Amino acid sequence: MGTISANKLAGYSLVVGPIVTLLGYFLQPGGMLIDAEDPADAAASLAAITSNDMMSQLTGVVIALGLIVFLYGFFVLQSNMRENGSGDAVMRYGVMLLMFGVIGWVVSVGMNMSIAGSDLTVASQGAAAGALYSATLGINTVAGLLAGLGLLLLALAISTRDDQNKIFALVAAAVGVVVVIAVLIGGMDTAQLQNMQMIIGICYLIHVAWTVTLGLGLMKQG
């Protein structure tokens with residue numbers, strides 16, 4: 001049976017993971033495409049999640065797996081940078097922040113899956129689902145902030161490398177700043193949450209394109 005190198009596996013992870021996560025994010029009920037609702041409107045969002053319970057649970061699994069695959073790619077990339085010097089110290093901070101952001105998102109996804117399996121026609125379960133939903137908003141805010149800071153530091157670290165696309169890395173760093181600001185605004189003012197999530201979604205598209213280029217670079221290294 002053949003083997004695959006860490007670089008190639010990490011390369012595939014940085015290409016596939018973000019794309020899979022993106023698909024799950026856009027197809028998640030109550031999100032961007034299916035029964036899109038203002039996330040600040042708990043009742044409408046809960047109705048969207050529970051009325052599409054199978055899709056909510058399926059996209060939850062897809063998002064969680066995509067995030068973990070994506071994170072593995074950065075673990076290997078950071079290991080390579082440690083061996084070759086430049087940007088290693090900042091990269092370590094970035095990976096750590098991104099890891100905690102991913103953990104927060106995975107927890108949030110699990111809570112959404114629990115909501116999808118609840119029965120809102122029962123008053124007590126509806127109240128429990130509402131409490132879970134409010135908690136997911138808080139967790140997503142913290143996770144988004146940590147992940148945004150992590151990607152910002154990762155991009156800055158990679159921009160110091162001669163073997164990477166410095167311009168694209170700096171663009172990714174600037175996008176990371178936008179993500180952090182958007183997360184903070186959405187977290188502090190729920191009236192702006194829907195607009196901020198749209199901005200964050202656009203930023204994630206740019207980060208996906210960047211991570212795909214990083215993945216292709218790792219795959220070429222073998």
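Contact means heavy atoms within 4.5 Å. The model is predicted: local features need pLDDT of at least 70, side-chain atom pairs count only at pLDDT 80 or more, and totals for chains, interfaces and linings use all residues. Residues are numbered from 1 along each chain as its sequence is written, and side-chain values use heavy atoms, with hydrogens and water left out.

View 1. Alanine 48 lies in helix 2. Helices are DSSP runs (H or I, at least four residues), numbered from the N terminus. Alanine 48 has a relative accessible area of 4%, so the residue is buried (buried is under 20%, exposed over 50%, partly exposed in between; 1.4 Å probe, protein chains only). Leaving aside residues up to four places away in sequence, alanine 48 touches Pro29, Gly30, Asp35 and Glu37. Alanine 131 is 83 residues apart from alanine 48 along the chain, and their C-alpha atoms are separated by 16 Å.

**View 2. A nonpolar surface patch.** Ile19, Leu23, Leu27, Met32, Leu33, Met55, Leu58 and Met198 make a patch of about 710 Å². Helix 1 (6-27) and helix 3 (53-84) each give two or more residues to the patch. The largest share, three residues, comes from helix 1. Patch residues have over 30% relative accessible area and no salt bridge; nonpolar side chains (Val, Leu, Ile, Met, Phe, Trp, Tyr) are joined within 5 Å. A salt bridge is a side-chain nitrogen of Lys or Arg within 4 Å of a carboxyl oxygen of Asp or Glu. Leucine 33 sits in the loop between helix 1 and helix 2 (42-51). Leucine 33 counts as exposed because its relative accessibility is 59%.

**View 3. Helix 1 along its length.** At 1.5 Å a residue, the 22 residues of helix 1 should span 32 Å; the end C-alpha atoms are 31 Å apart, which agrees. The expected span is 1.5 Å times one less than the number of residues. Buried residues of helix 1 include Asn7, Leu14, Pro18, Leu22 and Phe26.

**View 4. Aromatic pairs.** The structure holds three aromatic pairs. Tyrosine 25 and phenylalanine 26 have ring centres 5.5 Å apart and planes at 70 degrees, so this pair is edge-to-face. Phenylalanine 74 and tryptophan 210 form a tilted pair, 6.2 Å centre to centre with 40 degrees between the planes. This pair links distant parts of the chain: phenylalanine 74 is in helix 3 and tryptophan 210 in helix 7 (residues 193-221), 136 residues apart. Both phenylalanine 74 and tryptophan 210 are buried. Ring pairs join Phe70, Phe74 and Trp210 into a cluster. Rings of Phe, Tyr and Trp (its six-membered ring) pair if their centres lie within 6.5 Å; planes under 30 degrees apart count as stacked, over 60 as edge-to-face and the rest as tilted.

Note on methods:
Patches are made of residues with over 30% relative accessible area and no salt bridge: like charges are joined within 9 Å, nonpolar side chains (Val, Leu, Ile, Met, Phe, Trp, Tyr) within 5 Å. Accessible areas come from the Shrake-Rupley method with a 1.4 Å probe; for residues, only the protein chains shown count as cover.
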